[in-house]
Amino acid sequence: MPIPVPPQLLASDPLVVAQDAVATVHQLMDLGCASSVVAALSRPPGPWRRLLPRVVALQTTPPTPRQRLRGALLYAGPDTLLTGPAALALYGVASLPTTPKADVLVPHRAGPRGHAYVRVHPTVRPARRVPVEGLACAPLPRAVMDTVPYLETEAAATALLTEITERGLCHPDELAAEAAQLPSGPWALALLSGVADR
């Protein structure tokens, strides 16, 4: 059994620091903090705040965008990858509408349901883990194609595909291969074809 650690010292634990001051209840318990203590410290006025079920930010201030993404990964499980607009923003893609949502890919039937700002996408096609700014992301072509269905207009989808290809962030063939795997593939392929013809 671990030696109990004073709660005020947990924020400086290397694991917690590496995770942007966000941790799961189980991780905090492994570090010596009883679950009842975690629950008490996470109730207002703090000093911690519950970010998602079983996920705690070791602070009372509102979470940063990065902490929200870290929380989404911890909430959805160890094999989770960020995808969609959140991943594209980490990749440096600019032509995206802002969204408070964090899309995550999880192995089929392995992850929890979506909650609060987290949209969970179970997949039977696991993707390779790509670390982007220290966060686990889906490869860029997958993140692009996971974003396209959420764009409200064809113009927004075209702008995204144009930026990706013109900046050389990924080859149109990679996008086409990914699009071919999706139910919305024919529409995405038609958009890609239009971008390539410019």
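Over the ring of which residue does the charged end of Arg119 sit? The first point takes this up, and the rest of the note covers other features of this predicted model.

1. Charges over rings. The ring in question belongs to Tyr150, and the charged end of Arg119 is 3.9 Å from its centre. As for pairs between aromatic rings, the count is zero.

2. Main core. The largest nonpolar core holds 42 residues, and Leu82, Val144 and Leu160 have the most contacts inside it. Helix H5, residues 65-76, supplies the largest share of this core, with six residues. Apart from this core lies another, of twelve residues, including Leu10, Leu28, Trp48 and Val56. As general background, nonpolar side chains in soluble globular proteins tend to be buried together.

3. Helix H7. This helix spans residues 140-147 and is mostly covered, with eight of its eight residues buried. Beyond its neighbours within four places in sequence, Val144 is in contact with Leu88, Leu160, Leu161, Ile164 and Leu175. One of these partners, Leu160, is listed with Val144 among the residues with the most contacts inside the largest core.

4. Cysteines. The structure holds zero disulfides. Cys33 is buried, because its relative accessible area of 3% is under the 20% cut-off. Cys137 is buried too, with a relative accessible area of 0%.

5. Gln27. This residue belongs to helix H3, which runs over residues 25-30. Gln27 has 18% relative accessibility and therefore counts as buried, the limit being under 20%. Setting aside residues up to four places away in sequence, Gln27 touches Leu15, Gln19 and Leu74.

6. Pro45. The loop between helix H4 (35-41) and strand E2 (49-52) contains Pro45. With a relative accessible area of 78%, Pro45 is exposed, because the value is over 50%. Pro45 and Thr60 are 15 residues apart in sequence, and their C-alpha atoms are 7.5 Å apart in space.

Technical notes
Residues are numbered from 1 along each chain as its sequence is written. This is a predicted model: local features need pLDDT of at least 70, side-chain atom pairs count only at pLDDT 80 or more; totals for chains, interfaces and linings use all residues. Side-chain values use heavy atoms; hydrogens and water are left out. A disulfide is a pair of cysteine sulfur atoms within 2.5 Å. Buried means under 20% relative accessible area, exposed over 50%, partly exposed in between (1.4 Å probe, protein chains only). Helices (H or I, at least four residues) and strands (E, at least two) are DSSP runs, numbered from the N terminus. Contact means heavy atoms within 4.5 Å. Rings of Phe, Tyr and Trp (its six-membered ring) pair if their centres lie within 6.5 Å; planes under 30 degrees apart count as stacked, over 60 as edge-to-face and the rest as tilted. A charge sits over a ring if NZ of Lys or CZ of Arg is within 6 Å of the ring centre and within 35 degrees of the ring normal. A nonpolar core is a set of buried Ala, Val, Leu, Ile, Met, Phe, Trp, Tyr and Cys residues joined through side-chain atoms within 4.5 Å.
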